[in-house]
Amino acid sequence: MKTTKLLTVLLALFASVAITSCVEDDDYSVPNSLGSEENEALENILRDLNSENPQYTLISIADLKTLYQTYEDAQSGFDYDHFIQIPDNLVVKGYVTSSDATGNFYKEFYMQDAPENPTAAMGVLLNQVDSYNQFNVGREVYIRLKDMYVGYNSNEVISVGGKTDDDEVGQFTANQIPSRIFRSTTTETIVPLQLSLSEISETHVGMFVTATDVQFPENLDGSTFGDPSEDFDTQRTLESCEGFGYTNFLLESSSFSNFYNTPLPTDNGGVISAVVLKSYGGDNLVMLINDLNDVQFNNARCTPLDINDFNVVFDEAFDSQGSWEVTNTVGTRDWYNTGFSGENYMRASAYSSGNIDEMVSWLISPSIDFDAQSNEQLLLQIADAYSNGQPLKAYYSNDYTTGSNPDDSTWVEIGAAEIDALADNTGFFDNNYESTGLIDLSMITGNAVIAFVYDSNNATVSTTIDLSDVKILAQ
């Protein structure tokens with residue numbers, strides 16, 4: 001059992017309100033109706049949540065995950081093979097996002113902390129099939145956690161369960177489920193997060209999301225959701241047209257799903273809604289649909305933009321620093337021009353001899369006339385290495401004067417979403433530059449400068465950034 005005094009101390013940080021427990025009704029045939037015993041248990045829970053002297057603590061999904069990860073950090077460091085047993089009277093609440101009605105999920109469900117705009121989600125492992133009859137999508141669920149376990153499942157998703165399975169969290173047993181997992185009478189409509197494929201990240205694992213303007217590659221024409229040669233799961237590539245290329249993501253289907261042999265809709269594109277998870281072993285992010293209604297491909301297929309349809313009005317490949325200005329407002333480390341294997345770029349990094357230096361360095365373009373054309377779009381090529389956060393931000397200014405202090409001018413941020421969506425490279429440089437896609441500059445008028453700012457965030461971020469190409473396009 002992996003509990004310590006530290007865990008008890010940490011639990012005190014998340015204390016809120018109390019909760020009691022009762023035995024649940026065994027009739028799961030109608031998900032929107034509760035039996036008398038289950039109804040009584042939920043009424044007792046609600047009364048206790050409003051009591052003045054709570055005996056139990058209601059903890060959010062986010063706080064429960066933080067509790068586990070803080071415990072891990074205090075031990076030997078992060079390890080997927082660790083779990084903890086909860087020694088105190090905690091209850092976590094969530095809303096179900098997955099369904100095993102079609103067989104695409106098995107002996108598990110996922111829940112997020114709100115039916116709309118969730119901030120955290122997690123898995124629930126249980127020795128029960130057809131759990132959709134009880135824990136249907138949108139159902140409000142409370143789980144009593146005392147003596148239960150939290151940690152990573154075989155897909156490296158933080159989950160709760162009733163026992164351990166080797167070095168992983170195991171399922172709630174059939175005997176534990178009625179006294180540990182409580183559904184309320186409330187079933188909310190889960191409003192999916194609207195995300196592009198490039199925006200989906202590990203923070204969305206367990207959540208229900210919708211991606212628009214997606215399609216299956218044409219080379220999958222004639223394929224089915226499942227590969228008949230696979231014994232378990234099949235991964236099919238989804239793609240979306242983002243900028244001048246495709247963004248890819250994996251759709252995973254279980255060999256036990258009732259749509260496994262259904263042909264993929266490759267003639268059209270459209271909208272897909274699914275739960276974000278990880279593949280077995282946690283190697284890749286994947287999407288799992290609840291049923292075929294989650295795939296609405298009724299639109300024409302998309303085609304990436306063609307750069308030949310645009311006029312290039314500004315192009316900087318950084319063969320040298322040229323007329324770009326470098327100035328610092330914090331620290332002495334700054335942008336500098338360098339190259340490798342024939343590729344030149346401007347580089348910035350706050351890393352120095354094992355330490356992170358305070359650094360705010362500005363790379364400022366020459367003045368550009370934005371009235372000479374319309375509908376300008378910015379396209380960047382960026383590589384990073386040793387990533388521990390995103391230090392790069394982009395701005396424009398109409399009142400900056402060369403040689404002055406940037407802090408004395410007015411700056412408007414641009415491209416925040418596109419820059420944040422870039423993949424993190426925690427290893428060495430591989431000279432693999434990633435495009436931001438198009439960043440809208442159409443709001444800029446008159447003469448203006450563009451600035452790229454490396455900010456070490458008070459010496460907490462040291463990611464190395466290479467900026468190899470800056471293009472402004474117009475139509």
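View 1. Glu218 is exposed, with a relative accessible area of 58%, where exposed stands for over 50%, buried for under 20% and partly exposed for values in between (1.4 Å probe, protein chains only). The side chain of Glu218 meets that of Arg301 in a salt bridge, at 3.7 Å from N to O, the term being used for a side-chain nitrogen of Lys or Arg within 4 Å of a carboxyl oxygen of Asp or Glu. Because Arg301 lies in the loop between E18 and strand E19 (311-316) and Glu218 in the loop between E13 and strand E14 (233-242), the pair ties together parts that are 83 residues apart in sequence; strands (E, at least two residues) and helices (H or I, at least four) are DSSP runs numbered from the N terminus. Arg301 also forms a salt bridge with Glu239, at 3.5 Å from N to O, so that Glu218, Glu239 and Arg301 are linked in a network. Arg301 is partly exposed at 21% relative accessibility, whereas Glu239 is buried at 7%.

This is a predicted model, in which local features need pLDDT of at least 70 and side-chain atom pairs count only at pLDDT 80 or more, while totals for chains, interfaces and linings use all residues. Residues are numbered from 1 along each chain as its sequence is written, and side-chain values use heavy atoms, with hydrogens and water left out.

**View 2. The salt bridge between Glu202 and Lys278.** The closest N and O atoms of this pair are 2.7 Å apart. Glu202 lies in the loop between strand E12 (193-194) and E13 and Lys278 in strand E16, so the pair ties together parts that are 76 residues apart in sequence. Glu202 is partly exposed, with a relative accessible area of 49%, whereas Lys278 is buried, with 4%.

**View 3. Ile272 and Met287 in the largest nonpolar core.** Of the 35 residues in this core, these two touch the most other members; a nonpolar core is a set of buried Ala, Val, Leu, Ile, Met, Phe, Trp, Tyr and Cys residues joined through side-chain atoms within 4.5 Å. Among the elements that give two or more residues to this core are strand E13 (208-215) and strand E16 (269-278), and E16 gives the most, with 5 residues.

**View 4. Thr186 in strand E11 (residues 181-187).** Thr186 is partly exposed, at 27% relative accessibility. Leaving out residues up to four places away in sequence, Thr186 touches Gly138, Arg139 and Glu140, contact meaning heavy atoms within 4.5 Å.
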